[in-house]
Amino acid sequence: MAKFVVTVRFPSSFDEEFIALIPEHRQLINELIEANVVEAYAISANRTRGWITMNGTNEEAIRSTVEQFPLYRFFLQVEIDELFVFDSTASRFPRISLN
């Protein structure tokens with residue numbers, strides 16, 4: 001299974017319709033995290049960009065999943081890049097504590 005990073009751009013301001021969809025969107029993201037489809041999910045401090053690390057068979061499968069996001073229609077831009085290397089503290093063994 002390949003690993004991808006999805007970069008999304010949000011509008012600079014959010015209307016009530018956007019805000020009302022956030023709980024549904026977060027619920028789906030949480031389900032995808034539990035299913036190991038989404039590995040990491042981050043939104044910039046100014047809330048205009050987001051990065052989602054995802055596992056999937058190919059770019060089309062990733063795009064299909066992203067298009068199911070409740071907030072998808074508000075995305076101004078979606079970029080999908082397949083990763084060659086993805087390393088993080090979460091993918092390593094826990095540090096040993098001698099306590």
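**View 1. Strand 1 pairs with strand 3 in the predicted model.** Strand 1 (residues 2–9) and strand 3 are antiparallel and share 8 bridges. Two strands count as paired if DSSP finds at least two bridges between them. Strands (E, at least two residues) are DSSP runs, numbered from the N terminus. Arg9 lies opposite Arg49 in strand 3. Residues are numbered from 1 along each chain as its sequence is written. As this is a predicted model, local features need pLDDT of at least 70, side-chain atom pairs count only at pLDDT 80 or more, and totals for chains, interfaces and linings use all residues; side-chain values use heavy atoms, with hydrogens and water left out.

**View 2. Strand 3 is largely enclosed.** Of the 8 residues of strand 3 (residues 49–56), 6 are buried, so the rest of the structure largely encloses this strand. Buried means under 20% relative accessible area (1.4 Å probe, protein chains only).

**View 3. Strand 2 and strand 3 form a hairpin.** Strand 2 (residues 38–43) pairs with strand 3 in the antiparallel sense over 5 bridges. Val38 stands opposite Met54 of strand 3. There are 5 residues between the strands of the hairpin, and Arg47 has a positive phi near 60°.

**View 4. Strand 4 pairs with strand 1.** The two strands are antiparallel, with 6 bridges. Thr7 has Glu79 in strand 4 as its bridge partner.

Methods:
Buried < 20%, exposed > 50% of the residue type's maximum accessible area, 1.4 Å probe, protein only. Helix = DSSP H or I, 4+ residues; strand = E, 2+ residues; numbered from the N terminus.
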